[in-house]
Amino acid sequence: MDFGWTLMNHAVLQRNAAGFSEYAFGGTAEHDGEIRLFAKDSAGKVVADLAVGRARKGKATGVLTGLPVGGPYALELSVVADGGKCIEKVRFSDILVGDLWILAGQSNMQGAGYLPGLTQPSPMIHNFYMDNRWGMAKEPLHNLQQAVAPVHGGNPKNKPQKILRGVGPGMSFAEAMWKATGVPQGLIACAHGGTSMAQWDPALRDKGGWSLYGAMYERFRHLGGRVAGVLWSQGCDDANPVNSPLYEQHMRDFLAALRRDLGNPRLPVVLAQIGPHVNQKAFVEDWSRVRFAQYEIGRTVKYTCCVPGIDLPLDDWIHLSAASQHIMGQRMASAMQYLLKMPGAVAPIEAVRTSVSPDPATGNANVTVTFRNVVGRLLAYGEPSGFFTPLVGEMPGEGCFKVELKGKQAVVHTSIPALEASRHLLAYGAGLRPYANLTDEAGRAVPCFTLPMKFEENGATALVCEAEVSDPVYGPEAVETLDLPGNPEKLTWQKAKFTEFFLEHPRRKELATADTKVFYFRFRMEAPEAMELKVKCGSDGPIALFCDGRSVNRAFSINPLVVDEFVWKAKVEKGIHEWCFAMSSNTGHAWGVCCRFVRKGIGPLPILKEMH
């Protein structure tokens, strides 16, 4: 009998829910008859003696059942004729029954950490190498140069070469799972460095060994068609302007196809979030986009977890070091234990929500972010770091100057006005190589994430962001002389630029000369009823405010421009009103003005409709 690569020495057979082998095999036989299994453990005790299949017309098929979790076992498969005589047999040694894991993705799963790794080989951990042989697992697990599948570009006839690198997370993962379960572990090496989601397209499944997905599926099918789960580390090759916007949907489609093709809609999958990158030519926004997409997938797709690697050291510009891969494997094992609902397992840390409050001194946004699944409390070695406040749709954004850790919460102090918080995201771990150092007391890193921010003040409008601005009117600019232009329609007006929280001339830098001059900013607002308003404004040059041609107030101001620096009262009737700021250029140093309205007393939002 010959079973090719479906059954061989050192194989690991996937256990079933009852804790026994249930391994489908296929091969060839020279004679017809019943196939019987005879198995002994390492002490010579018989653990199985039963019929498991049939040989007919040259084919031998069946299911190896009855072997309990553990091993190693010595197996004898024999073809027995109708009279009970053994007419053909084959023997296998060092067979384990336990859990099988597919290792897939690109280089950080293939392994690029410098050898040797930190995980020592164990007789209870085996690996199905890429030359289609089982053996005790030792790094490197992925021997692409001897790979059978053509897509990997190797050849089993190639002589093994001494290599310097090859440490991935697989060994550490298997060691952690073996210690946690006492169940033998089998790894199936399928990763290939430098590969994209397009190259892993499930639509290429039927190309077999000529495609990455097909080669993986072929190995899965020939090794019994059952695995305990999948480890995936990929995304670097998709961190570019073309692929990054599509990454999240492509990954969701990939997971759905993977579970369909592997015949398990609840197949547990653990993703490694892409880590740091020191090549400054890389696409910063795209690297962040892929990283945050992976977090969302791990958070929202059932039976899936994402574990972070942003805090782990590198061995080059992109690849995790051997020590980092040891930690990554342990993190992936912890997440897998959670997905398998093992006792004591804890879900990965997740950012739940933000709440925004204005800083009492500056009015800037202090953002409290609440986490769950934190073991103990949040910690940081050194000053807590890693938070950014990008505008929606932009990365990585402005950094945050102070972070306070309070139990399972972090209070992030920002330099953006609380009023503008809803235009921003709170991001952790944005950019190529952010210093992001938050963990819990179990040493588990906080994943990279984004959350929306929102600040609402009852009875208040947002900052005015739609206005017109005039070209400069050259002449006196003292605060006492500021007045409305005599004939505003003769001025040249254009749309003002809204920057962060203030209005400015779109050619501000060009016009920032030492000549004395005045700029005018005008906009219209509709009041649904007669009301008394508080006008909260700011400027970094002397200003005067007018409503429907009447003076409201004036003030002397210099840099910096502060939100709500001045609070003036104004009464308006129902209808549309035109507001106009006269702003001194402060001999070219003033940047612009900011303005919002608050209704006296408490009222619903919005109470005003701004118009320009």
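Residues are numbered from 1 along each chain as its sequence is written. Because the model is predicted, local features need pLDDT of at least 70 and side-chain atom pairs count only at pLDDT 80 or more, while totals for chains, interfaces and linings use all residues, and side-chain values use heavy atoms, without hydrogens and water.

A nonpolar core is a set of buried Ala, Val, Leu, Ile, Met, Phe, Trp, Tyr and Cys residues joined through side-chain atoms within 4.5 Å, where buried means under 20% relative accessible area with a 1.4 Å probe and protein chains only. The largest such core has 74 residues, of which F371, F387, F449 and W579 touch the most other members. Its largest share, five residues, comes from strand 31 (residues 517-527), a strand being a DSSP run of E with at least two residues, numbered from the N terminus. Apart from this core lies another of 70 residues, including A55, F92, Y247 and V290.

A cavity is a set of points on a 1 Å grid over the protein atoms alone where a 1.4 Å probe fits but cannot get out, and its lining residues have an atom within 4 Å of a point. Four cavities of 30 Å³ or more are found in the whole structure.

| Cavity | Volume | Lining residues by class |
|---|---|---|
| Largest | about 140 Å³ | eight nonpolar, 10 polar, no charged |

Definitions and conventions: Buried < 20%, exposed > 50% of the residue type's maximum accessible area, 1.4 Å probe, protein only. Helix = DSSP H or I, 4+ residues; strand = E, 2+ residues; numbered from the N terminus. 1 Å grid on protein atoms, 1.4 Å probe; cavity = no way out; pocket = protein on both sides within 12 Å on 5 of 7 lines; lining within 4 Å. Points joined across faces, edges and corners; volume = space filled by probe spheres on them. Nonpolar A, V, L, I, M, F, W, Y, C, P; charged D, E, K, R; others polar.
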